[in-house]
Amino acid sequence: MSKTTVKDVSMEPQPSPERAGAPRREGASRALALLLVITGAAGVLAAWVITLDKFKLLEAEVKGETFTPGCSLNPVVSCGSVMQSDQASVFGFPNPMLGLVTYGIVVCVGMSLLAGARFPRWYWLTLNAGMLFGTVFCAWLMYQSLYRINALCLWCCLAWVATLVMFWYVTSFNVRNGFLPAPGWLKGFFGEFTWVLPVLHVGVIGMLILTRWWTFWTG
């Protein structure tokens with residue numbers, strides 16, 4: 001007498017989305033997720049403080065009064081001079097208002113990754129492209145600040161550093177996971193020495209600031 005066995009289909013391995021032909025999705029390490037939350041929050045903080053001071057400057061102008069931001073410490077570190085420049089409103093509104101949105105998005109992405117979210121290639125590349133735009137925009141603002149406005153804003157510097165750090169680490173993630181085409185040696189470099197690139201980048205900016213006002217710092 002033959003026995004008929006019934007398969008327990010609940011125990012059978014279910015096809016994953018990748019096996020079914022869905023786009024590959026990747027999550028991030030807890031370290032990268034935290035880095036995005038921290039750098040995004042730093043950018044939001046900087047943008048928020050600059051926005052508040054900008055409103056106070058405008059209010060003081062309407063009243064015919066003078067307002068000096070707290071980070072205006074001397075002729076070089078002068079946030080007020082930067083905020084009142086034409087470069088501070090490139091798109092027709094104060095630049096930090098753009099930062100409030102974009103850095104807020106980075107914080108949301110980081111929190112999602114901490115919760116276990118996994119994103120497809122197009123998502124990671126879009127995030128990387130946005131950070132590349134931010135890095136280029138920051139480079140332009142640095143040039144304007146050092147050689148056209150001739151003043152520094154400390155909150156702007158915080159936003160610059162946050163942008164550079166998040167850009168290089170997300171780029172490293174995309175290279176290591178094959179979302180950005182790269183030779184094997186570059187993948188290996190990013191796997192071991194990602195930290196070198198943001199440190200060098202920030203170091204170059206620091207040297208430019210130091211040499212631009214060398215007589216002031218050493219006087």
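The paragraphs below go through this predicted model from the whole chain down to single residues. Residues are numbered from 1 along each chain as its sequence is written, and side-chain values use heavy atoms, with hydrogens and water left out. Because the model is predicted, local features need a pLDDT of at least 70 and side-chain atom pairs count only at pLDDT 80 or more, whereas totals for chains, interfaces and linings use all residues.

The protein chain contains eight helices and two strands. Here helices (H or I, at least four residues) and strands (E, at least two) are DSSP runs, numbered from the N terminus. In sequence order the pattern of the protein chain is β-α-α-α-β-α-α-α-α-α. The radius of gyration of the protein chain is 23 Å, well over the 17 Å that the globule rule gives for 219 residues, so the chain is more spread out than a compact globule. That radius is taken over C-alpha atoms, and the globule rule is 2.2 Å times the number of residues to the power 0.38. Along its principal axes, the C-alpha trace of the protein chain spans about 100 × 45 × 25 Å.

The surface of the protein chain comes next. Of the 219 residues, 39% count as buried. Buried means under 20% relative accessible area, exposed means over 50%, and partly exposed lies in between (1.4 Å probe, protein chains only). The protein chain carries 15 positive and 10 negative side chains, and the centres of the two sets lie 9 Å apart. Lys and Arg count as positive and Asp and Glu as negative, while His and the chain ends are not counted. The place of a charge is taken as NZ of Lys, CZ of Arg, CG of Asp or CD of Glu.

Contacts show how parts of the sequence meet. A contact means heavy atoms within 4.5 Å. Among contacts in the protein chain between residues at least 6 apart in sequence, 75% join residues at least 24 apart.

Helix H1 covers residues 30-63. At 1.5 Å a residue, its 34 residues should span 50 Å, and its end C-alpha atoms are 49 Å apart, which agrees. The expected span of a helix is 1.5 Å times one less than its number of residues. Ala31 belongs to helix H1 and counts as exposed at 56% relative accessibility. Ala31 and Gly110 are 79 residues apart along the chain, and their C-alpha atoms are separated by 9.9 Å. Just after H1, Gly64 takes a positive phi of about 75°.

Between H1 and helix H2 (79-83) there is a loop that holds Ser78. Ser78 is buried, with a relative accessible area of 12%. Leaving aside neighbours within four places in sequence, Ser78 is in contact with Ser72, Ala151 and Leu152.

Helix H4 (residues 121-149) includes Ile149. At 19% relative accessibility, Ile149 counts as buried. Not counting residues up to four places away in sequence, Ile149 touches Ser81, Val82, Ser85, Gln87 and Gln144.

Asn150 lies in the loop between H4 and H5. This residue is partly exposed, with a relative accessible area of 35%. Most residues other than glycine have a negative phi. Asn150, although not a glycine, has a positive phi of about 60°.

Helix H5 covers residues 154-176. Its 23 residues should span 33 Å at 1.5 Å a residue, and its end C-alpha atoms are 33 Å apart, which agrees. H5 is mostly covered, with 17 of its 23 residues buried. Trp160 is placed in helix H5 and counts as buried at 6% relative accessibility. Not counting residues up to four places away in sequence, Trp160 touches Cys138, Leu141, Met142, Ser145 and Leu152. The C-alpha atoms of Trp160 and Thr135, 25 residues apart along the chain, are separated by 7.7 Å. Just after H5, Gly178 takes a positive phi of about 80°.

The last stop is helix H7 (residues 196-212), where Leu208 lies. Leu208 is partly exposed, with a relative accessible area of 38%. Leaving out residues up to four places away in sequence, Leu208 touches Leu146 and Tyr147. The C-alpha atoms of Leu208 and Leu146 are separated by 8.3 Å, although the two residues are 62 apart along the chain.
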